Amino acid sequence: MPELPEVEALKDFLTEHLVGHEIVRVLPVAISVLKTYDPPLSAVEGREVTAVRRHGKFLDLATGGGPHLVTHLARAGWLQWRDRLPDGPPRPGRGPLALRVALETGAGFDLTEAGTQKRLAVHVVRDPREIPGVARLGPDPLADDFDAARLAGLLRPERRRLKGALRDQSLIAGVGNAYSDEILHAARMSPFKLAASLTPEETDRLHAALQGTLRAAVERSRGVAAGRLKAEKKSGLRVHGRTGEPCPVCGDTIREVSFSDSSLQYCPTCQTGGKPLADRRMSRLLK
């Protein structure tokens, strides 16, 4: 799933390639991708893109005097830029193409989604805050005012595990499964540690890991072409998706805890005092 660093990189890429250009056509291929009907999708046609913004994991294309085209790439969605779009309209079918946006230059981009769980979402709205997922977003962890004190205030009432708290978009915007693993590894904390139990020193450490991990990922992605961002993300991960490999910090074997629709990875030596984490149904350390 694209998370804050990848969406931030897409924002920068699209700012360079879209702003100042006119959207001449928006072609939906998978009708399920459209989550709004008023204004219609055609309301962005004939309008200039004036800005590209990020709200958590949402990508927002603002048009001059008109609505916003807002996309959430979900788990398996992606944006593929084309310097020259194919001639003729795309054909609906079983392929991954969900929506195409064409510019007056002949360039544009495709929104695609792999797999059978179609969750990619496109909204056309007058204000991005009309979208429930945007309206409920917590603070952005890269904002100038997101300091350790603010993080402490967010976590203090939380009776959940740190892994779940970091992934909650209404608590902190933009962090998903992969980067929550990376942040907790950098902070040397168990994903099962209770969020409310952090000491001031631990909160400072988590805050430094949160911002440091995300900023480093953004910098790695900056200037990378849209089509290569997925590979860039994977190459920069130290523990997520690396079950069975040696930890790059201590050399211990990276372990995994599986859930019904996801998994987490961690290093026992760096994060849990050398003890493997129990099955998710127990949610505690094995003794």
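**View 1. The residue classes lining the largest pocket of this predicted model.**

**View 2. The centre of the largest pocket.** Look here for Met1, Pro2, Lys57, Ala74 and Arg75, which lie nearest the centre of the largest pocket. These five belong to a lining of 35 residues. The space in the largest pocket comes to about 920 Å³.

**View 3. Helices and strands around the largest pocket.** Two strands, E5 (77-82) and E8 (121-125), each supply at least two lining residues. Helix H5 (177-187) and helix H7 (229-236) likewise each supply at least two. Which element gives the most to the lining of the largest pocket? That is H7, with 3 residues.

**View 4. The second largest pocket and its centre.** Now we move to a pocket with a volume of about 190 Å³. Its lining is made up of 12 residues, and those nearest the centre are Lys163, Gly164, Arg167, Phe259 and Leu264. Helix H4 (162-167) and strand E10 (263-266) are the elements that give two or more residues to this lining.

**View 5. A further look at the lining of the second largest pocket.** Sorted by class, this lining has 5 polar, 4 nonpolar and 3 charged residues.

Technical notes
Residues are numbered from 1 along each chain as its sequence is written. This is a predicted model: local features need pLDDT of at least 70, side-chain atom pairs count only at pLDDT 80 or more; totals for chains, interfaces and linings use all residues. Side-chain values use heavy atoms; hydrogens and water are left out. On a 1 Å grid over the protein atoms alone, a cavity is a set of points where a 1.4 Å probe fits but cannot get out, and a pocket is an open set with protein on both sides within 12 Å along at least five of seven lines; lining residues have an atom within 4 Å of a point. Grid points are joined across faces, edges and corners, and a volume is the space filled by probe spheres set on the points. Helices (H or I, at least four residues) and strands (E, at least two) are DSSP runs, numbered from the N terminus. Ala, Val, Leu, Ile, Met, Phe, Trp, Tyr, Cys and Pro count as nonpolar, Asp, Glu, Lys and Arg as charged, and the others, Gly among them, as polar.
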